[in-house]
Amino acid sequence: MPITDIETLDHSDLNDAAFLFHPTLDQAFLNSNYGANLGFAKKMFSVFLVSTPKDIESLNAAVEANDIPNIQALAHKIKNNFTWVGLTQLGLLMKEVENMAKQNEVCISKFYIEVLELYQKQLLVIEKETQRLTDHLS
Amino acid sequence: MRTILIDDNNMEIAALELYCQKTKMIQHRASFQDSSMALDYLNKEQAIDLIFLDIEMPDMNGLELLDQLTCAPLVVITTSNKEYAFEAFEYEVASFLKKPISIRKFQRTVEKVHHLYNQRNKVALSSMASELYVRADGKLIRVPYDDVLYFENVGDYIKVITTKGLHIINGALKSLAEKLSHPRFLKVHRSYIVNLDKIIDIEDNSLLIGKKVIPISRAHKSLVINSINIV
């Protein structure tokens, strides 16, 4: 089947490429994944804001209850969410939480609190970026 | 290809749904974040050609879902964890996609899977065949399907065990399975394809043909059970 039967998302003519993502986000991933399709980026950022805070809330409860299987499952799920919005470093830290849960490490709670602090700061960045994307596209 | 998406993460689902919309070869039928609901749908609907399937999901993981499927769509495993690749290999999935999945990776995979899908359709069309020819001693020897007991993979060769003797041919079992094109032949293990008409009995994870006990792998067991009439 020829490639022409697929409409690619990264045509340079979909949107203008003038939009620059926040410098703390993974520019390489965002540019390579979304290209000039800022509509796709906006959708993924919006889905992130709807789903991730809920998942983090569940993870907080799991950490508080020291519910290791749930910590592992939720950390696994959330780490991929971070990747989609360019929070690569947070994704790696969340992977570490997942690994610590797998190995049942006792210091997981202390480590998680640091990850949570970083998440809360970055959440504000994502909120602003989503608004900027909305403004840019309107 | 009639396609469904199964992933407990709604960001992955959102991205894949968009990719599906932009891919003419794909007819997106449904998305599931709950693997049990997906299994119910698949076992009722049947007419699904392709699944994009996450492995790590709560309650029932992707491989457990495959164990319980009563149909045989093409499967693309989507995972962020490479360690599942070997286990998934046993299930003869069509392809793997490592998360996060970009449109480019998705495109390449859909093209590859579409090729397999076309091959499958050709196989279905040619399922009226009743014989095969094996190359031996510079000749092509006709072997009626009814004479074949089973095929066994041994290194780079395949042993064709028939009621009249043994032939040895070059090749891989996977490509043979694609060429055989008859519903009576079923792969029951990575090293065996059997003629269902020649089975004497089935016990736990093995079956008997003649005096040969042939293993049934976990990945193929449900297909075996669904291919025979149990009263």
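Predicted model: local features only at pLDDT ≥ 70, side-chain atom pairs only at ≥ 80, totals over all residues.
Over all chains, the structure holds 13 salt bridges.

Helix H5 of chain A, which spans residues 108–137, also packs against helix H2 of chain A, residues 38–64. The axes of H2(A) and H5(A) come within 10 Å and cross at roughly 155°. An angle over 145° counts as roughly antiparallel, and H2(A) and H5(A) are therefore roughly antiparallel to each other. Their crossing is left-handed. Sorted by class, the residues in the contact of H2(A) with H5(A) comprise 16 nonpolar, eight polar and three charged.

A further neighbour of H2(A) within chain A is helix H1, made up of residues 27–34. Here the axes come within 9 Å and cross at roughly 120°, which makes H1(A) oblique to H2(A). The crossing of H1(A) past H2(A) is right-handed. From H1(A), the residues A:Leu30, A:Asn33 and A:Tyr34 take part, and they meet A:Phe40, A:Ala41, A:Met44 and A:Phe45 of H2(A). This contact of H1(A) with H2(A) has six nonpolar residues and one polar residue, with no charged ones.

H2(A) packs with helix H1 of chain B, residues 10–21, at an angle of about 155°, and the two axes are 9 Å apart. That angle makes H2(A) roughly antiparallel to H1(B). H2(A) passes H1(B) in a right-handed crossing. On the chain A side, the contact is built from A:Phe40, A:Lys43, A:Met44, A:Val47, A:Phe48 and A:Ser51. On the chain B side, H1(B) supplies B:Asn10, B:Met11, B:Ala14, B:Ala15, B:Leu18 and B:Tyr19. Grouped by class, the contact of H2(A) with H1(B) has nine nonpolar, two polar and one charged residues.

Turning to the interface as a whole, 28 residues from chain A and 25 residues from chain B take part in the contact. The size of an interface is often expressed as the accessible area lost when the parts come together. For chain A and chain B, the buried area is about 2,600 Å², and carbon and sulfur atoms give 58% of this area.

Most residues other than glycine have a negative phi, and most peptide bonds are trans. B:Lys99 and B:Pro100, however, are joined by a cis peptide bond, with omega at about -5°. B:Pro100 belongs to the loop between strand E5 (95–98) and helix H5 (103–125) of chain B. The other feature concerns B:Asp59, a residue other than glycine whose phi is positive, near 70°. B:Asp59 is located in the loop that runs between strand E3 (50–54) and helix H3 (62–67) of chain B.

Conventions. Residues numbered from 1 in each chain as written. Chains lettered and ligands numbered in written order. Heavy atoms only, no water. Axes fitted to C-alpha atoms, helices over the stretch in contact; angles between N-to-C directions. Helix = DSSP H or I, 4+ residues; strand = E, 2+ residues; numbered from the N terminus. Parallel < 35°, antiparallel > 145°, perpendicular 65-115°, else oblique. Left-handed = near helix turned anticlockwise from the far one by under 90°. Nonpolar A, V, L, I, M, F, W, Y, C, P; charged D, E, K, R; others polar. Contact = heavy atoms within 4.5 Å. Buried area = accessible area lost by both parts, 1.4 Å probe. Salt bridge = Lys/Arg side-chain N within 4 Å of Asp/Glu carboxyl O.
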